[in-house]
Amino acid sequence: MTNNALAFIALCNEYCAAVEHARETEKTDLVQSLLRLLPRIYIAATDLAADLPGEAYIDGALDEDYYESVRHSLEMVLGEDDSYLEVFEEDMKYSDTPIGASLAEGLADLFQVFYNLLETVRDAPDELADEALAAVRDDFANYWGQTLCNVMRPLHHIYYQS
């Protein structure tokens, strides 16, 4: 496993810990922490080796109740700042009205990706860990990378406009 892969896993672990303890954190501290982690995760994800094996899949380790618990905790901490207008929603080009999104849901969706990765690579042989990283890298390009970018804008607004 490369140093970039290890750094990415460490950042994912730090993100999961921050989100899991959101309920015990002040909103400003949580937002500041996320604003420091998310850009680094983005960069680390783009640096994941292109020679990792393709066509991999990660089993879902996060159950729905735990996901909802995390999402709800984030929603409670963010309060009125949880809702924002999304401009990169696919349906937006067909709509005359703005489309609302939940910051807590986006953050919980990222948590799910990282949690599943961490559960897969924990005590896994290098080959399985490489396959899991390849799956996350591919999903980054097609799914969660956009989610990460989308949540950065409202987090930035909360931190610098509050």
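Which residues in α1 meet which residues in α2? In this predicted model, local features need pLDDT of at least 70 and side-chain atom pairs count only at pLDDT 80 or more, while totals for chains, interfaces and linings use all residues. Residues are numbered from 1 along each chain as its sequence is written, and side-chain values use heavy atoms, with hydrogens and water left out.

On the α1 side, F8, L11, E14, Y15, A18 and V19 meet L30, S33, L34, L37, L38, R40, I41, A44 and A45 of α2, where contact means heavy atoms within 4.5 Å and helices are DSSP runs (H or I, at least four residues) numbered from the N terminus. The residues of this contact divide into 12 nonpolar, one polar and two charged; here Ala, Val, Leu, Ile, Met, Phe, Trp, Tyr, Cys and Pro count as nonpolar, Asp, Glu, Lys and Arg as charged, and the others, Gly among them, as polar.

A second contact involving α2 is the one with α3, in which K27, L30 and V31 of α2 meet L74, V77 and L78 of α3. The residues of that contact divide into five nonpolar, no polar and one charged.

The largest nonpolar core has 52 residues, of which F8, Y15, L38, L107, F114, L117 and W144 touch the most other members. Such a core is a set of buried Ala, Val, Leu, Ile, Met, Phe, Trp, Tyr and Cys residues joined through side-chain atoms within 4.5 Å, buried meaning under 20% relative accessible area (1.4 Å probe, protein chains only). L107 touches Y15, L34, L38, L74, L78, V151 and L155, not counting residues up to four places away in sequence.

Technical notes:
Buried means under 20% relative accessible area, exposed over 50%, partly exposed in between (1.4 Å probe, protein chains only). Helices (H or I, at least four residues) and strands (E, at least two) are DSSP runs, numbered from the N terminus.
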